[in-house]
Amino acid sequence: MSDTSRDDGSFKLTGRHVFLILLTFFGLIIAVNVTMATLAAGTWPGLVVANSYVESQRFNERVAAAREQQALGYALSFVQARDQLSLTLTDADGKGVEILGGTVRIGRPVTRTEDRLIDVPAAPSGAVSMPDALADGLWVADVALTLADGRVWRYETRFSVSEGK
């Protein structure tokens with residue numbers, strides 16, 4: 001006769017059983033937490049700005065620049081199709097605005113593993129097309145274009161790609 005059964009054949013719960021049940025239960029919870037924390041730490045860079053105090057002091061400057069930019073009435077058309085990234089900057093009258101150059105930082109909204117920086121060539125007509133293939137899914141683009149008058153025009157957009165590379 002084993003020590004886990006009674007004379008009548010029923011199961012007897014011992015301290016060893018309770019210990020193993022608790023050990024398994026909490027071990028599973030700890031294993032899941034460690035796995036989730038490891039996956040989260042591996043995909044999120046964690047650093048948004050190097051010095052939050054300095055960035056907070058520049059906030060009013062950025063707000064004033066955004067208002068000035070909005071007052072210009074410029075519009076940016078941003079399209080990614082057929083392995084081509086196309087930008088067209090127009091003024092309030094729909095005419096192209098001369099672009100001296102710039103950059104487009106494209107990446108996923110949550111992770112930096114697929115981030116890339118694309119140089120924008122000069123475009124006197126305000127329209128430029130550059131080869132770039134993006135995979136399906138949600139993307140964020142941060143555009144910074146240097147205009148003919150020397151100012152930097154900024155634009156940020158989220159877009160989705162379907163039937164990408």
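Modeller: Two strands count as paired if DSSP finds at least two bridges between them, and strands are DSSP runs of at least two residues, numbered from the N terminus. The model discussed here is predicted.

Biologist: Which residue in strand 4 is the bridge partner of G102?

Modeller: Strand 3 covers residues 99-107 and pairs with strand 4 in the antiparallel sense over five bridges, and strand 4 itself runs over 116-120. G102 has its bridge partner in strand 4, and that partner is V120.

Biologist: Which strands stand at the edges of the open sheet, and why is one side of each left without a neighbour?

Modeller: The open sheet has four strands in the order 4-3-6-7, with antiparallel pairing, and the twist averages 20° from one strand to the next. Each edge strand has a single partner strand, so one side of it is left without a neighbour in the sheet, and the strands in question are strand 4 and strand 7.

Biologist: Which element gives the most residues to the lining of the largest pocket?

Modeller: The largest pocket has a volume of about 600 Å³, and of the 17 residues that line it, the closest to its centre are R62, A65, A66, D142 and R154. Two elements give two or more residues to this lining, namely strand 7 (152-161) and helix 3 (59-72). The one that gives the most, with seven residues, is helix 3.

Biologist: How many residues in the lining of the largest pocket are charged?

Modeller: The lining residues of the largest pocket can be sorted by class, and seven of them are nonpolar while one is polar. For the charged class, the count in this lining is nine.

Note on methods. Residues are numbered from 1 along each chain as its sequence is written. This is a predicted model: local features need pLDDT of at least 70, side-chain atom pairs count only at pLDDT 80 or more; totals for chains, interfaces and linings use all residues. Side-chain values use heavy atoms; hydrogens and water are left out. On a 1 Å grid over the protein atoms alone, a cavity is a set of points where a 1.4 Å probe fits but cannot get out, and a pocket is an open set with protein on both sides within 12 Å along at least five of seven lines; lining residues have an atom within 4 Å of a point. Grid points are joined across faces, edges and corners, and a volume is the space filled by probe spheres set on the points. Ala, Val, Leu, Ile, Met, Phe, Trp, Tyr, Cys and Pro count as nonpolar, Asp, Glu, Lys and Arg as charged, and the others, Gly among them, as polar. Axes are lines fitted to C-alpha atoms, for helices over the stretch in contact, and angles run from 0 to 180 degrees between N-to-C directions.
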